[in-house]
Amino acid sequence: MRVIALVSQKGGVGKSTLSINLAALAGEKEPAMIIDRDAPQCTASKWWNRRQDLEPPPAYPELIDIGQTPLKAAVTKLKPQPGFLFLDTRPAVGAAEAEAVQAADFVIVPVKAAIVDIEAIALTLDIIRRLDRKALIVVNAAKNDRRATDARAALSRFPVSVCPHHLSDRAAYLDAPIDGLSVMEMQGAGARAAEHELRQVWQWALETMNG
Ligand SMILES: Nc1ncnc2c1ncn2[C@@H]1O[C@H](COP(=O)(O)OP(=O)(O)OP(=O)(O)O)[C@@H](O)[C@H]1O
Ligand SMILES: [Mg+2]
């Protein structure tokens with residue numbers, strides 16, 4: 001199983017949004033799991049709990065409650081299984097996030113297309129570099145393509161891959177989780193547009209991971 005950590009010191013950039021939607025997307029073809037390392041906020045766990053009320057509850061992603069088990073031990077135990085494991089983390093780069101980066105094969109760093117967010121990314125990238133993990137920056141919630149392009153240009157100074165695809169600012173990302181859905185499972189044109197860009201990002205992440 002490949003382990004992907006969603007990490008960013010900055011809050012509200014889309015770690016949980018990407019965790020749940022990418023896990024649902026990965027789960028279309030292979031087993032997909034989430035470990036929620038953001039207590040007490042628990043965005044991914046709350047989404048997953050609402051998802052259990054769907055009829056029938058989707059098989060994936062599974063939410064893995066590791067209790068008091070150290071993350072490294074829990075991941076080592078899951079590792080022989082096929083599929084993908086997503087680690088959603090707190091808006092911080094402390095010991096718990098270092099543990100998640102260390103347990104991961106690959107790190108995705110969502111960043112909003114705004115100068116203050118881009119400037120704040122250095123601390124997050126430091127920890128990934130120190131732990132020598134492959135990473136991909138994904139621009140999220142861009143108001144338009146121009147802003148996404150400008151953000152990518154500003155991010156190109158960092159020695160980390162930047163995804164050429166971005167996620168736009170769309171109501172579907174806010175609305176789908178209300179009912180425990182991913183954007184793929186939601187109706188409407190906005191959800192289809194969200195699904196399209198999410199698939200592009202996932203495809204790129206897979207290629208970067210494998211490359
Ligand atoms: N592309 C997007 N378009 C519109 N809204 C978005 C998008 N991505 C995330 N959001 C919304 O922004 C808010 C923050 O997103 P999310 O919870 O995923 O960020 P986070 O990095 O996990 O935050 P935290 O650091 O607090 O855990 C949520 O309300 C989410 O629905
Ligand atoms: Mg979160």
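A: Let's start with how the packing is described: axes are lines fitted to C-alpha atoms, for helices over the stretch in contact, and angles run from 0 to 180 degrees between N-to-C directions. Helices (H or I, at least four residues) and strands (E, at least two) are DSSP runs, numbered from the N terminus. This is a predicted model, where local features need pLDDT of at least 70, side-chain atom pairs count only at pLDDT 80 or more, and totals for chains, interfaces and linings use all residues. Residues are numbered from 1 along each chain as its sequence is written, while chains are lettered from A and ligands numbered from 1 in the order in which they are written.

The protein chain has 9 helices and 7 strands. Our pair is helix α1, residues 15–26, and helix α9, residues 189–210; their axes lie 11 Å apart, at an angle of about 75°. The two are therefore roughly perpendicular (65 to 115 degrees). On the α1 side, N21, L22 and L25 meet L198, R199 and W202 of α9, a contact being two C-beta atoms, placed from the backbone, within 7 Å. By class, this contact has 4 nonpolar, 1 polar and 1 charged residues. Here Ala, Val, Leu, Ile, Met, Phe, Trp, Tyr, Cys and Pro count as nonpolar, Asp, Glu, Lys and Arg as charged, and the others, Gly among them, as polar.

Helix α1 also gives the most to the shell around ligand 1, with 3 residues. In total 19 residues surround ligand 1, G11, K15, S16, T17 and P91 being the closest; each has its C-beta atom, placed from the backbone, within 6 Å.

Terms used: Parallel < 35°, antiparallel > 145°, perpendicular 65-115°, else oblique.
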